[in-house]
Amino acid sequence: MKNEWLRKEIQNFEPYRVAPITVPIVINANESFQSLWDLPEVKADLAQELAAVATNRYPLPYADELRELVGAYCGKKAENILLGNGGDEMISLITQAFLERGDKIIVHSPTFDMYAIGAESMGARAIAVPDRDDMTHDTEQLLQAIAENDPKIVYLCNPNNPTGALWSREELDKIIKAAPRIVLLDEAYMEFAEDQEASLLPELDNYLNLYILRTLSKAFGLAGARLGYLAASPEAIDLVSRVKAPYNLNVFSQAVGRVALRHKEKVLALVPAVQQQRRALLAELSSIGRVRVFPSATNFILLQSPLSGEIYEALLGKGILVKKYGAGSRLADCLRITVTTAEVNKLVADTIREVAC
Ligand SMILES: *Cc1c(COP(=O)(O)O)cnc(C)c1O
């Protein structure tokens with residue numbers, strides 16, 4: 001096998017790898033600290049559903065029952081929903097369906113890396129519009145970049161990973177109306193926003209160029225089950241479905257998803273506690289001298305400090321893994337910390353205070 005046999009676009013790509021995790025407290029990937037199996041009423045249903053799964057048969061290509069449940073959760077019809085193997089697959093499908101060599105896409109920056117990586121793998125060019133110093137979005141610059149570049153796709157992450165920043169519906173409306181073609185609005189963390197009005201799901205019918213991406217990995221705590229979805233007009237769903245593999249969502253994931261959605265009130269009952277812990281941790285961290293934190297509408301907090309390297313090591317020393325960013329990136333002096341229990345948050349804040357007071 002030879003590297004040169006690869007398509008030119010991906011010859012410099014590296015496979016995604018993560019170092020083996022050896023510490024007990026893992027708060028680097030915005031995972032939930034609770035699982036469906038921890039909820040006694042849900043656990044019994046889950047065990048029953050999984051025991052009844054027919055693994056000798058192919059799954060339903062569109063996960064019909066789960067699609068209905070997700071549609072109802074979103075206040076939409078089943079035809080408005082396409083399910084897949086995590087939000088990541090949804091990004092890949094959009095990329096494959098629409099992008100070709102020479103196309104331009106627009107992202108704001110910093111944001112989720114998968115948008116630009118996916119686009120570049122198709123030979124498209126990513127144009128990044130920097131967020132402001134305080135990590136708020138620069139809507140004016142974004143509108144200007146749209147006008148200048150005629151992009152095939154505009155990617156908006158709301159609330160944003162990794163900054164936590166939230167766009168208002170009014171600003172999003174301006175951007176989506178200005179976009180000449182597709183907008184992918186990633187609402188992976190929307191359930192954690194205090195202001196649920198910021199979601200564009202209720203407005204979906206007003207935007208024919210819009211895909212909204214959501215996932216069960218974050219607020220539903222199902223990162224391991226790989227369940228993501230798009231919400232869009234039935235015509236838009238039909239377009240991306242053309243590149244979907246027939247059986248993209250396996251029978252186990254479909255079963256887990258059905259149980260989670262049937263118990264959605266119980267599963268999502270954890271969200272207010274996360275919001276409360278986020279407020280508490282933000283307040284705690286913003287009282288530390290050499291640390292800057294940014295408002296967050298998600299289940300994580302971005303922290304900036306000239307001592308970020310020392311803080312990262314001190315946390316590791318306490319058995320806590322947070323997310324750090326590569327040298328040379330705009331986030332080189334930043335850490336991203338997933339909000340979890342009061343106990344862990346206290347340990348995190350105390351450790352940071354010792355280093356950076
Ligand atoms: C986690 C995440 C997703 C989707 O993740 P999956 O686990 O693949 O569903 C999408 N967008 C952002 C910004 C995320 O952080």
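Let us begin with Asn 158, which sits in the loop between strand 5, residues 153–157, and helix 6, residues 169–178. The model on the screen is a predicted one. Is Asn 158 buried or exposed? Its relative accessibility is 0%, so Asn 158 counts as buried, the cut-off being under 20%. The side chain of Asn 158 comes to 2.6 Å from the backbone nitrogen of Trp 167. Beyond its neighbours within four places in sequence, Asn 158 also has contacts with a list of residues that includes Ala 165, Leu 166, Leu 172 and Leu 185. Asp 186, Glu 187, Met 190 and Ala 198 are among the contacts of Asn 158 as well.

How many residues surround the ligand? There are 14, and the closest are Gly 87, Asp 186, Thr 215, Ser 217 and Lys 218. Sorted by class, this shell consists of five nonpolar, five polar and four charged residues. Helix 3, spanning residues 86–98, makes the greatest contribution to the shell, with three residues.

In Asp 186, an N or O atom of the side chain is 2.5 Å from a nitrogen atom of the ligand. In Ser 217, a side-chain N or O atom is 2.6 Å from an oxygen atom of the ligand. In Arg 226, a polar side-chain atom is likewise placed 2.6 Å from a ligand oxygen. As for cover, the ligand taken alone exposes 380 Å², and the protein buries 94% of that area.

Arg 226 is located in the loop between strand 7 and strand 8, the latter being residues 227–231. Its phi is near 60°, which is positive although the residue is not a glycine. Arg 226 has a relative accessible area of 28%, so this residue is classed as partly exposed.

Asn 30 is placed in the loop between strand 1, residues 25–26, and helix 1, residues 40–51. With a relative accessible area of 0%, Asn 30 is buried.

I turn now to the aromatic residues. Six aromatic pairs are found in a search of the whole structure. One of them joins Phe 112 and Tyr 115: the ring centres are 5.6 Å apart and the planes meet at 70°, so this pair is classed as edge-to-face. What is the accessibility of the two partners? Phe 112 is partly exposed, at 25% relative accessible area, whereas Tyr 115 is buried, at 1%. Ring pairs extend this arrangement into a cluster of Phe 112, Tyr 115 and Tyr 155.

A second pair is formed by Tyr 189 and Phe 300, also edge-to-face, with 5.1 Å from centre to centre and 80° between the planes.

Tyr 115 leads us, finally, to helix 4, which runs over residues 114–121. Which of its residues are buried? They are Tyr 115, Ala 116, Gly 118, Ala 119 and Ser 121. In an α-helix there are 3.6 residues a turn, so residues three or four places apart point the same way. The cover over the buried residues of helix 4 includes helix 3, strand 3 (104–109), strand 4 (125–130), strand 5 and strand 6.

In the loop between strand 3 and helix 4 we find Pro 110, and the peptide bond from Ser 109 to Pro 110 is cis, with omega near 5°. Just after helix 4, Gly 123 adopts a positive phi of about 85°.

Terms used:
Residues numbered from 1 in each chain as written. Heavy atoms only, no water. Near = heavy atom within 4 Å. Polar contact = N/O pair within 3.5 Å; in protein donor to acceptor, adjacent residues only side chain to side chain. Areas by Shrake-Rupley, 256 points an atom, 1.4 Å probe, with all protein chains shown as cover. Helix = DSSP H or I, 4+ residues; strand = E, 2+ residues; numbered from the N terminus. Nonpolar A, V, L, I, M, F, W, Y, C, P; charged D, E, K, R; others polar. Buried < 20%, exposed > 50% of the residue type's maximum accessible area, 1.4 Å probe, protein only. Contact = heavy atoms within 4.5 Å. Phe/Tyr/Trp six-rings, centres within 6.5 Å; stacked < 30°, edge-to-face > 60°.
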